[in-house]
Amino acid sequence: MTELNLKDALVSNRGAGKSPVMECKGLGIDFGGLTAVDDFNLTVFPNEIAGLIGPNGAGKTTVFNLLTKVYKPTRGEIFLNGRNTKGMNTVKVNKAGIGRTFQNIRLFKQMTVLENVLVGLHNDMNYTLGGAILRLPAYWHQERIAKERALDLLSIFNMQDDANRKAGSLPYGSQRRLEIVRALATNPVILLLDEPAAGMNPSETGELMETIRKIRDTFQISILLIEHDMHLVMSICEKITVLNYGRIIAKGTPEEIRNDPHVIEAYLGKERG
């Protein structure tokens with residue numbers, strides 16, 4: 001077994017003795033003659049918080065797009081709780097258990113906070129189209145349950161008082177939290193956070209760190225995050241994968257990554273003699 005494969009088996013105490021939630025094996029994608037991601041291997045275990053970092057343009061968001069089937073992989077496989085996601089589209093992979101936020105906030109800004117969360121609860125709605133059109137009792141029953149669930153989710157993040165506000169009227173940090181709440185409403189087994197601290201001030205970033213830990217502990221799910229704020233990454237991630245030019249250059253604990261010469265070179269550049 002190579003050193004890289006040994007690193008691929010790195011598991012925190014939380015995941016010890018458990019089967020992986022998600023596995024990527026030899027994942028890659030080409031756009032024409034350009035290889036954007038190549039030989040990407042990653043294993044995330046239950047209740048872990050893992051980080052995916054790298055310089056701008058390294059391919060991190062492309063990896064998220066592959067995991068959520070926004071892009072179809074050119075090669076490689078993705079397994080979710082042991083199930084191969086080959087052939088799934090974005091809707092099916094979401095129902096299978098991958099929730100996601102985006103680098104640029106994608107809320108329905110003219111809808112209320114509550115309505116945004118209700119959109120995320122679509123996986124739990126099981127009334128028929130006819131029942132919805134005719135407003136049958138089953139429809140109203142499901143709607144009532146969904147509203148209660150949405151308010152419960154908002155209350156966990158102290159946002160219940162904002163339920164009837166337009167999403168676009170919220171402060172930036174609250175919009176970020178709402179996007180996370182909406183993703184959680186889909187009942188994921190793993191949550192992908194794409195630069196959740198982007199645009200936040202230090203105080204908001206500190207609150208976000210506590211929110212991420214709270215999500216893991218409350219919902220007992222795994223979290224994989226892309227982030228440029230190294231203080232956040234090093235403080236909350238149990239293991240980190242570093243990407244550069246579409247390929248993995250390092251894997252390890254925060255301490256190992258902090259002192260890895262390949263990582264330092266990727267971020268700071270090679271010194272000239």
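**Side chains and helix packing**

Biologist: Leaving aside neighbours within four places in sequence, which residues is glutamate 179 in contact with?

Modeller: This is a predicted model, in which local features need pLDDT of at least 70 and side-chain atom pairs count only at pLDDT 80 or more, while totals for chains, interfaces and linings use all residues. Residues are numbered from 1 along each chain as its sequence is written, and side-chain values use heavy atoms, with hydrogens and water left out. With contact taken as heavy atoms within 4.5 Å, and with neighbours within four places set aside, the partners of glutamate 179 are Thr101, Phe102, Asn104, Ile105, Arg106 and Leu107.

Biologist: Is glutamate 179 buried or exposed?

Modeller: Glutamate 179 lies in helix α7, residues 172–184, where a helix is a DSSP run of H or I with at least four residues. Its relative accessible area is 2%, and a value under 20% (1.4 Å probe, protein chains only) counts as buried, as against over 50% for exposed and partly exposed in between. Glutamate 179 is therefore buried.

Biologist: Which backbone atom does the side chain of glutamate 179 reach?

Modeller: A polar contact is a pair of N or O atoms within 3.5 Å; within protein, one must be able to donate a hydrogen and the other to accept it, and residues adjacent in sequence count only if both atoms are side-chain atoms. At 3.2 Å, the side chain of glutamate 179 reaches the backbone nitrogen of arginine 106.

Biologist: Which side chain is joined to that of asparagine 116 by a polar contact?

Modeller: Asparagine 116 belongs to helix α4, residues 113–120, and is buried, with a relative accessible area of 0%. Residues up to four places away in sequence not being counted, asparagine 116 touches Leu107, Phe108, Met111, Ala167, Leu178 and Arg182. The polar contact, of 3.4 Å, joins the side chain of asparagine 116 to that of arginine 182.

Biologist: Are α7 and α8 roughly parallel or roughly antiparallel to each other?

Modeller: Helix α8 covers residues 202–219, and the axes of α7 and α8 are 11 Å apart at an angle of about 15°. Angles under 35 degrees count as roughly parallel, over 145 as roughly antiparallel, 65 to 115 as roughly perpendicular and the rest as oblique. The two helices, α7 and α8, are therefore roughly parallel.

Biologist: How many helices and strands does the chain come to?

Modeller: The chain has 273 residues, of which 48% count as buried. With strands taken as DSSP runs of E with at least two residues, the secondary structure comes to 11 helices and 10 strands.

Definitions and conventions. Axes are lines fitted to C-alpha atoms, for helices over the stretch in contact, and angles run from 0 to 180 degrees between N-to-C directions.
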